[in-house]
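This briefing is for a reader new to the structure.

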Amino acid sequence: MKEDYDVDPNVFSYSIVLEAMSQQSKNNPELPDRARAILDAMPPVPNARPFTAVIRAYAEQGRGQDAESLLEDMISTPTFPQPDVYSFAAALLAWSRVKKGEDFTSAAKRSEDLIARMNKLYYSGKIRDPPNSICFSNVLKAWSRVHNVQGAKRADAILEAMESHGIRPNLFCYNIVINAWSNHTLQDIRALERVEALMECARRLGPDEYTYRAFFKAVCNSSLDNRDEVAIGIVREMQERGIRVKRGR
């Protein structure tokens, strides 16, 4: 930049470049490391934005360990900016997107440990921001990828714990947990009962297509004798609410 325009790049211009790279990282596995190299070559950074962009680039590739390692550098290095809620959310997202073939249970546990640490750092005054709904939803997503009852139970427990942190779960959070339970309604009738209870909460928020898709799957996967009748009722409820299933999904 300086050679072309005789202008020194600043934090803002670096951040724009790194954020553009992070947005393209999902389809280019080389970009996260290139973004990290740019970050390492930067002059001292006064805010978390460039670091968060690189963490998000790692997240797009599901590189949880690299994302959390950079976050840890921000926490432990005095010359680095303090991580903000977006930095933590990006690292948690990385654990929720680990690649197929990796240990989803370990990734989910790492995400839960990380949000617990974030909460502890906040209450000890070492960071400014407490976990928000985005942070928690990324932990929920990590546990929802553990395709067993334990994963659904942990996601459900975290959903219930959100209110103790002063955070009201949004519809996206309910959708994740309903979907997590929907794969286990055949083995355990209590799973369907829990889905129905979660649906009541979702109805108060205004359920969307994804809510009903998960509910429909839970019913169809169950051993209910009248599941066909219940499934038809779900479709009717969607029609009454003006929700149409989009083609191709």
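In this predicted model, α10 gives the most to the lining of the largest pocket, with three residues. The largest share of the lining of the second largest pocket also comes from α10, with four residues. Helix α10 spans residues 171-182.

**Largest pocket**

- Rolling a probe the size of a water molecule over the atoms shows where empty space is left.
- The largest pocket holds about 200 Å³ of space.
- Its lining is made up of K141, S144, R145, H147, I176, N179, A180 and N183.
- Two or more of these residues come from each of α8 (133-144) and α10.
- By class, the lining of the largest pocket has two nonpolar, four polar and two charged residues.

**Second largest pocket**

- About 160 Å³ of space is found in the second largest pocket.
- F172, N175, I176, N179, Y210, R213 and A214 line the second largest pocket.
- At least two residues of this lining come from α10, and at least two from α12.
- Sorted by class, the lining of the second largest pocket comprises four nonpolar residues, two polar and one charged.

**Helices α10 and α12**

- Two packed helices are described by the angle between their axes and the distance between the axes.
- Helix α12 covers residues 209-221, and its axis comes within 9 Å of the axis of α10, with a crossing angle of roughly 15°.
- Angles under 35 degrees count as roughly parallel, so α10 is roughly parallel to α12.
- The crossing of the two helices is left-handed.
- On the α10 side, the contact is made by L171, N175, I178, N179 and S182.
- The contact of α10 with α12 has six nonpolar, five polar and one charged residues.

**Overall make-up**

- The protein has 13 helices and zero strands.
- Along the sequence, the pattern reads α-α-α-α-α-α-α-α-α-α-α-α-α.
- Taken along the principal axes, the C-alpha atoms fill a box of roughly 70 × 40 × 35 Å.

How values were computed: Residues numbered from 1 in each chain as written. Predicted model: local features only at pLDDT ≥ 70, side-chain atom pairs only at ≥ 80, totals over all residues. Heavy atoms only, no water. Axes fitted to C-alpha atoms, helices over the stretch in contact; angles between N-to-C directions. Parallel < 35°, antiparallel > 145°, perpendicular 65-115°, else oblique. Left-handed = near helix turned anticlockwise from the far one by under 90°. Contact = heavy atoms within 4.5 Å. Nonpolar A, V, L, I, M, F, W, Y, C, P; charged D, E, K, R; others polar. 1 Å grid on protein atoms, 1.4 Å probe; cavity = no way out; pocket = protein on both sides within 12 Å on 5 of 7 lines; lining within 4 Å. Points joined across faces, edges and corners; volume = space filled by probe spheres on them.
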